Structure formats: C-alpha cells, structure tokens
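This briefing goes through one protein structure topic by topic. Please keep the sequence and the 3D view open while reading.

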Amino acid sequence: MNVRQYFSIIPGLLIRLAVLSSILLAGSAVASMQGRPGFQLENIDQSIAAADDFYSYANGNWLIANPIPDEESRWGTFNILRSNNTRQVRYILEAAAENTVAEEGSEIKKIGDFYATGLDTDKADRLGLTPIRPELDMIKDINNLYDLQMTLQHFQLHGIDAIFNIGQMQDFTNSNRIITVFDQGGLGLPERDYYFKQDTKTLNIRNAYLRHIATLFRMLGINEQAAHKAAKAVITIETDLARLSLSRSQRRDPAAVYHLLNKKKLNTLLPSFQWKTYFSRLDLLQTEEINITNPDYFQNLEKLLHHHPISAWKYYLQWRLLDTTARTLSAPFVNQNFAFKSMLSGSKEIKPRWRRVTDETNRILGFAIGHIYVDLYFPASSKKRVIDILENIRNALNVSLSENNLLAPATKRAAIEKLNAMRSKIAYPANWRDYTDLVVTRDSYARNLLNGNAFLIRRELNKIGNQTTTNEWLMTPQSVNAYYNPSMNEIVFPAGILQPPFFDSAAPEALNYGAIGAVIGHEISHGFDDQGSHFDSTGNLKNWWSLTDKNNFNNAAACISKQFDGYTVDGDAQIQGKLVTGEAIADLLGLTLAWQAFVRANNSTEIDPEFNLSTAKLFYFGFAHVWAGAARPEYLRTSVQTDPHPPALFRVNGTLINFPPFMETFNTKPGDRLYKPTPCKIW
Ligand SMILES: [Zn+2]
C-alpha cells in the first residue's frame, strides 16, 4: 500500500496495460512510432500559442494522427510504448505455450500453461461454472456467521475482494518490521462516492450496476424476480460498507490509516468472528500487532453482520466471486462483465483475448516473464546512462537544498539526509522471484487465476514477522511505470520505462532530461510531497520539519490544491485538488530538478542541429511529449474520482504555469493563459 506510481491504473477494472497486435503495427495508431519514436517537429500545432496552451501546441498534430482505438479507454505515447512491450511479452508467452519439452514445474512450463489455458475459450465455454463450483458450494453451505467467516477467509486468501482485505506492510513507525494490515474493501464500484452521488451520470452507473449484478445472478440460474431482489440486497450491503469507508483523499494522510492495535482488540471490535481460528488458518498465531487502517469500519462491521440476514450476505459473497472471476469464465460472463466495465472506461470494444490473457499472465507470473524480457530486449547500456541522469538530478536537489535560505537548518539537514539515503533501483531486480509454490495447470483459466492470487497473497503474508528486505520489487521489469516507496525511501524505474519516448540513447540530451529526467525528478520528489514528507530518511513516519517550514509547505500544497480544484474534464467533472496534490507537487518539483540538472550539465542556449531549436525549448517538448494522448470522457470521469494523478493536459499545463524558467523560454506575458503573476512555489 501507499506506493506512489507514476501512472495509476483504475482499481476494480482489469489491469489495463494497453496492447496492440503485431498486425496493427503498420496502422495509423502507431504512425509516430515509425522512424525514430519520440518527439518530432511535425507534432507541433503552430495554430496554438505555446504561452496559452503548451500541451496542445506541442502535441496537437500528434493527437490528430493518433485517435483512440475502439478497444482503448485512453491512448497516448506511453500507451504505445506499453503496447510494444506487451507485443514483446506476447512472443515470450507464445513460445512458452508451444514449448512441449518444458520441464514440469519450471517457470517456462507455468507461463506456457497459464497463457495457453487462458486462450482456450472453448474449454472455458464448456466448463461453464465448474471452475468456481467449490466456492459456490461453500457459499450455499453458509448457515451462520462462523461459516461466513470461513468462506470470507477463503476468499481473502484467493484474491476475491469481499468485506475487508488483509495483507502486510512495513510498520509506519518502525520500517524494519513487517506487520499485518486489515483494510476496508469489498466494493464493486470504483470509489465510495459512487454509492452516494446524486448526479445523473452517477445515477446511471448505479442503475446499470444493479442490472449488471442481476444479469449475472440470472446466469447462475436464479429467476428474474429473485435475481433482482438479490442484486438489491448486494447493493444495500455495499452501500453500508461504502458509508463506513474512508475516501481516497482521506486515505492520503498516513496518520489516518495507521492504527496499530493488539490483535486481541479485534475481539472487542468484531466479537462475532472467531479470531483464534482465523489467525491460525493464516499461520499468524504468533503475530501481536496489527494495523487496522480504519477501526470505525471494523467496529461498525460487527453491527452490519447482524443487521443483514445471512441470506443477504450469501448473495453478496456470490456477487464478489462473480465480479472477480467473470472475466475468466465462459463467453456470456466475459461479455456481460465488459458491458458494465466499459461504462466506466468508455472502451468501445473488448480487447482481443490474447491481450487480456497477456495482462493476466503478467500479473501472476510477471517476474518470470520479466527475467526473459530483460535478457531479450533490454540493452544494458541504457542502465548506465539513466543512472548518470539520476545522479545529476539528485545532485541538483542537493545543491538547491544547500542553497535554500528559507528552510531552518535542522529541516534542511534532515531533507538532505533523506535525499542521500534514497535508494534507487534501475531496470530489473538483482534476485528473481521464486515461483516454486505456484500451481498452474491446463485444467481451467479461472482456477489458474484463483491459484495465482493465492500464491501472491500467501507470499505477502509469509513476510509478516520478518525483517524488511531491500531486494523486493513492486513492479515487474516490463512495466512502463515507476514508483517511490516512502517506507523504503526508494525510487524504482523498471526497464520498460527506459525506452522512447522516455529515454532514447540516440536523442538529444535535452529531450531525455525533459522526459525521463522529469520522471526521475518526480519520483525523488515524492519523498517530499504532501504524503512522503511525513516519512524520514529511514522510511519511518516521523516529523522532521520545523513548525514554520511545515506551515510554509502546507501553504504551498494548498496553493497547488486550489489551482487544480479549478480544472474540470468532460464539461463538469471537477478535479479534486486534495486528491491530486501529491502528484502535482511531484510533477512541479520533478520538472524543476530535471531542469536544474539539465542546465548544469548542458548549454541550454545552444541550438540543436537536428531540430533547429534551442535545447531549452527541446527540454519542454520532451516533457510534454510523454503526455501526448487522449482519453474517453467516461475514463476521465472515473479517473478524477479515483486517480491521484491529474489528467495529462493538466500534468503539462498545470505544472508549467508554476515554472518561471518556462515562462522565460517561451516568453509568456500577462494576458497569456500560462502566465501567473505569483506561481505556486514548493520551496
Ligand atoms: Zn507520482
């Protein structure tokens, strides 16, 4: 939990890695990938003034040339990079699936079996509900709260999100130890507010959700009237759980989700559960302390368990099972699942089967695939270049902190200490994940999914009680993404993102600094954003700010939050400033650091011979180009409610408007839309 990714994926939807078949590669959707990928002069729309809307100026023609494909909810330069990575992964998976001599129990065999079974739609259609029959029978046999507890635990251990979630985390105040965490959960809609908002679009989604649940119940063999009644019971329970849940903005405050309790306290919070049995089945009898992220949730859950009849809870569990597995069952389940989920994403058609199965195989076996991926596709020379840029950026922050006259000496020292202690991981892990305990067969796709979930969850739970280790990666090497983990105080850049348009060893340095440089600066800055600033150099939740420095920082954060509150998407869907503050701060600090490192290492007034532009201008084109892309209105609406990252347009314009060197380079003046007399300044 709590890891800051460069891009978010909407929870509750399938992991939506954008992918593209090799046949489509020649098509218009990837026009800009022909020749050298990355920023090109043809992308620029000269009819727009850079000082009014730099995003559209830099990307306008690219956007016209790259419409969103029907099966996508958004489409941009990084989606194209992701699709290329996925195409490479597909080759690995197909080779594994066709490998008839792979040793039993080997990773190749597991990858091949998982992928081949996922592609076997005839088998999925033939099997119908058989793969999830054990769970359906468990639910049928529930007669009391004890049975409910046992089924719930089985669900939790198989990645079926119901009632609450369990996992592990580094203790916020003692990052060396790994503890158990219980968290709110079990909602089928993307965020708590979806259950309460009264605007027409949300009401439409809620009505469609009710029909969707009822349709799936009918597919279980329940008659129409009963299915409708059951769907209503499910929504009533989910609404009650949502009412107790904290919102995403509230959950940004680490203190709000950190309540270390002795495990015995659960007997008071939720006495209806038999906790000894529960922990014994988790092999966690010896654990003492647990982080209950939201104690109110658990206290009130006790009342809910008694308030709703067992029959309603049984419907709820059936629904949670179907919501998790529908995408892997027979065609009617897959199609109905897409029909509803597309309301939230705006995709016009379902992605090809191989793309969905590739995503799923990546999710379960991602590091086994990643090991092959880096051997085949990652040039080792990129790693060294990126480390150079990273260290230049770290130095830039070091210098800027040392020269800062506003911070108190103690705050400054602690910030520099944190920066210097920040660990970086580039490209791929030193030690590869062990998949020995993962069971994969060619019996059924749904079972492979549940077994895969069970493997991943057990692997997490096995860490509890142990010391933290530094070799864990939370993203696979093939991911086009990056993250900062505050409890580890580390920044991580998988091999997948170290490619154009983010990094290109043949491109002018200015483009690399504007692109991957700003990404690196962004991740470093998460150590100092509204959330990361609560953690010290060792990853512990500890205040290292003087009162004045903290107040100044909070004022700066409020300036950013207010600015983003003023942005809307799809007409009237307002961005929540509080939700995006951390990412917007990281974007602004990240750009600042990349710029400072760039001008220190390069001559920014020089004209680049290839582009015939000053390298200073190229830097900003590199920055804007990674955000070139469009998204469907449904996707944008969902994302402003769930995603801590602002939409692409505002990640560019909303950042540049606060950055005086940009105003100088593009000569923005009063009256220009990107001119702000007093920009927000973090420090
Ligand atoms: Zn971020």
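The points below run from the whole chain to single residues. The model is predicted. Its secondary structure comes to 24 helices and 14 strands. The radius of gyration is 25 Å, close to the 26 Å that the globule rule gives for 683 residues, so the protein is as compact as a globular protein of that length.

**Overall form**

- Taken along the principal axes, the box filled by the C-alpha atoms is roughly 75 × 60 × 55 Å.
- Of the 683 residues in the protein, 61% are buried.
- The protein exposes about 26,200 Å², and 52% of this area is supplied by carbon and sulfur atoms.
- Among contacts between residues at least 6 apart in sequence, 76% join residues that are at least 24 apart.

**The zinc site**

- Three residues coordinate the zinc ion: His522 and His526, each through NE2, and Glu583 through OE.
- The distances at the zinc ion are 2.0 to 2.1 Å.
- Along the chain, the donors follow the spacing H-x3-H-x56-E.
- His522 and His526 are both buried.

**A pair of strands**

- Strand β3 covers residues 164-171, and seven of its eight residues are buried.
- Strand β4 covers residues 174-184 and runs antiparallel to β3, with eight bridges joining the two.
- One example of a bridge is that of Gln168, whose partner in β4 is Thr180.

**Aromatic pairs**

- A pair of aromatic rings is described by the distance of the centres and the angle of the planes.
- The whole structure holds 50 aromatic pairs.
- Tyr297 and Phe298 are both buried.
- Phe378 and Tyr428 have ring centres 6.3 Å apart and planes at 80°, so this pair is edge-to-face.
- The pair links distant parts of the chain, as Phe378 and Tyr428 are 50 residues apart.
- Phe378 sits in the loop between α14 (353-377) and α15 (380-402), while Tyr428 sits in the loop between β7 (423-427) and α17 (445-461).
- Phe378 has 11% relative accessibility and therefore counts as buried, the cut-off being under 20%.
- Tyr428 has 31% relative accessibility, so Tyr428 counts as partly exposed.

- Most residues other than glycine have a negative phi, and most peptide bonds are trans.
- Ala427 is not a glycine, yet its phi is positive, at about 80°.
- Ala427 lies in strand β7 and is buried, with a relative accessible area of 0%.
- Asn667 is not a glycine either, and has a positive phi of about 55°.
- Asn667 is placed in the segment after α24 (660-665).
- Asn667 has 52% relative accessibility and so counts as exposed, for which the cut-off is over 50%.
- The peptide bond that joins Pro500 and Pro501 is cis, with omega about 5°.
- Pro501 is in the loop between β9 (490-494) and α18 (509-525).

Terms used: Residues are numbered from 1 along each chain as its sequence is written. This is a predicted model: local features need pLDDT of at least 70, side-chain atom pairs count only at pLDDT 80 or more; totals for chains, interfaces and linings use all residues. Side-chain values use heavy atoms; hydrogens and water are left out. Donors are N, O and S atoms within 2.8 Å of the metal (3.2 Å for Na, K and Ca); water is not among the atoms, so sites may look incomplete. Buried means under 20% relative accessible area, exposed over 50%, partly exposed in between (1.4 Å probe, protein chains only). Helices (H or I, at least four residues) and strands (E, at least two) are DSSP runs, numbered from the N terminus. Two strands pair if DSSP finds at least two bridges between them. The radius of gyration is taken over C-alpha atoms; the globule rule is 2.2 Å times the number of residues to the power 0.38. Contact means heavy atoms within 4.5 Å. Accessible areas come from the Shrake-Rupley method with a 1.4 Å probe; for residues, only the protein chains shown count as cover. Rings of Phe, Tyr and Trp (its six-membered ring) pair if their centres lie within 6.5 Å; planes under 30 degrees apart count as stacked, over 60 as edge-to-face and the rest as tilted.
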